[in-house]
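Work through the exercises below with the sequence and the model in view. Each task is followed by its solution.

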Amino acid sequence: MKNIILKSLELINFKGISHAKFDDLNEKENSFFGKNEAGKTTLFNAFLWLLFGKDLNNRKDYEIKPLDSENKPTKGLDSEVHAVLLVNNEEVTVSRIYKEKWSRIKGSEEKAFKGHETDLIFNSVPVALKEFNLKISEIVKEDLFKLITNPLAFEALEWKEKREVLVSIVGELTDQELFDSDKDFKTLETKLSNKTLAEYDTQLKASIKKSKEEKEDTPARIDELKRSKIEEIDFELIESQISNKRALIADIDSQIENSGKSVQKVIDANTKVQQEIQALNTHKSQIEINLRAKAKQECFVDTSSIDALKSKLSNASTMLKNSNNYLNTLQENISNYESNINSLESDRADLVTKYNTENAKLFDAEKYSCTCPNCQTKFVYNDEPEKEFNIEKSQKLSKIIDQGNSIKSKIEGYKSQIEKVKNDLVEPQNDIEKYISEINSLKDQIQTETNNLQSPKNEQEVYQTLITNDAQISKLNIEISTLQSKIKEVKQADVSELKQQKQALQSEIDTLTEKKANKSVNDNLDKRIEELSSREKELSQVISNLEKEQFIIERFKKVKSESIEKSVNKLFQTVKFKLFEEQINGGLNPTCIALIDGVPFQAANTASQINAGLDIINTLCKANEVTAPIFIDNRESVTELIPTDSQIINLVVWKDSELNLGCPKVDGELINLD
């Protein structure tokens, strides 16, 4: 266990305190008395600033210097904080000095203010900020120090930070331990292949939602199918009526056959023709039954093919947009490269002009010539200037040439990039043509499909149209008509009435046959209704099974949460933590709420909050094996503190008393509270 004790603290020009020094602090408990704004809280801020350069509110940039009458920082003063610490009985001295920087103005005796700088001293040795921070962190980490020196610091954290600190102390029960503890949990583990528990929970919720939506839609779909059924018809009765009428027709045929022996041959021939006609009519009736079913089907409007085409159109439009964007990007790159080339060409032209100008310069020998006093002849007495001129000129021309070559290289580079990008243009251009063609084709298909869509039709009208346009029926009608024309009249016997009866019966059979055709439509609808009803029952079982698995997951979470919460709360005496909140649907949400005798921390009185804060500090100190001075503001609100191994520094409000250690002062006189 590392014990940190504050032995002395000195403040110089720090906020409202010009100078205060407190030596030989008690290792167990100390009390600072003073009226409001006497500087009690300033002591804690100064101590934190000394170690970490921040105040209670974690601010780095805040005013620490005393203020003048105009409420501005007083110039000409350095702010200092010094302290002596005992770290496991080893003395450590720490100092932080906030100094003004002044420098003399050139050509003047006055000095100008240039800001501030900070001097850091550790064990009487000046150190850099990085080294200072390292040495302090070796004593105690900043985040931990702030939590174990202020009873209200932990509760001021965000709930996620508080929860993370608590869970890190006790550690979490692993999922594997829970899986091995319960048969249902073990079964759950087998279903987590390649996915986390949270992902599987999300998957279950999505499956339940989808199944419930499908189940809720099923009754409406069944009702729709029921409404689509043709009016209930007694098909067995129809079949019986057709059989009876065919029997009557057979009887009529028999009567006609027996109407006279003299016309037997004619009757036999007519009978054969009638049988052929009957076969054709039967074939025709079957076709009519199929056409009736087809007419029923055509009355439904199916847009699934159009929806599929629209989906393809949307995808093609997206791809076209992406290709256009890519093409625009490539074209912008070419434009940028060309712009750079134009700029470089301009620079190269300037260099050419500059080269020509420099190259045209000649050495001015006149400046360096003199005249012979005897013969009056001019001559250059020294050739060094001309050499220097030529060297300098050569260097300038070489530099211009190098710059020109550099520009040339850049231009060639940009041209190369342009060629590369132009080659890249082919792909998006081809894609654009392809997608435009595809889009136009899809639009034409959609238009064609849309034009082909028909509004809900009258079934009888569609049926009659199909009958009229059917080639087989037309052919059968011709064949029937031809056969009917072959039937010879039997003049010897009047069978006209019998024929009329037979024709009436056949007409009735045809009508009944049309009604019979509706049976296949209703049978298909009944089959689909049965399938949906079966699916509805199946979905109920699926939902039940999924919800059972979801319940096991929620129970898993609850067992885990209760384990964590129980482990955490064992560490504290007066404060308890609620780490999970139960939702209306039975699920659990993580949280971190401190409770004092069942009352939320923030709703408790000051004394309860401070003692709860000490309880939290005791646990954090034990878990991290370190103690540090605890600053308790508003100590006058607490009659008794819970025991703690840390050094206590009480900050007590005392009316009319200046800041003082040990005893309050009233009118300059110490008052012994004992």
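**Exercise 1: a charge over a ring**

Arg96 sits over the face of Trp49, 5.6 Å from the ring centre. The term requires NZ of Lys or CZ of Arg within 6 Å of the ring centre and within 35 degrees of the ring normal. This is a predicted model: local features need pLDDT of at least 70, side-chain atom pairs count only at pLDDT 80 or more, and totals for chains, interfaces and linings use all residues. Residues are numbered from 1 along each chain as its sequence is written, and side-chain values use heavy atoms, with hydrogens and water left out.

Task: Over the face of which residue does Arg163 lie?

Solution: Arg163 lies over the face of Phe580, at 4.6 Å from the ring centre.

**Exercise 2: a ring pair**

Task: Classify the pair of Phe33 and Trp654, then state whether Phe33 is buried or exposed.

Solution:
- Step 1. Rings of Phe, Tyr and Trp (its six-membered ring) pair if their centres lie within 6.5 Å; planes under 30 degrees apart count as stacked, over 60 as edge-to-face and the rest as tilted.
- Step 2. The ring centres of Phe33 and Trp654 are 5.9 Å apart and the planes stand at 90 degrees, so the pair is edge-to-face.
- Step 3. Buried means under 20% relative accessible area, exposed over 50%, partly exposed in between (1.4 Å probe, protein chains only).
- Step 4. Phe33 has 6% relative accessibility and is therefore buried, whereas Trp654, at 28%, is partly exposed.

**Exercise 3: a ring cluster**

Task: Which residues do ring pairs link into a cluster?

Solution: The cluster consists of Phe44, Phe47, Phe52, Phe145 and Phe631.
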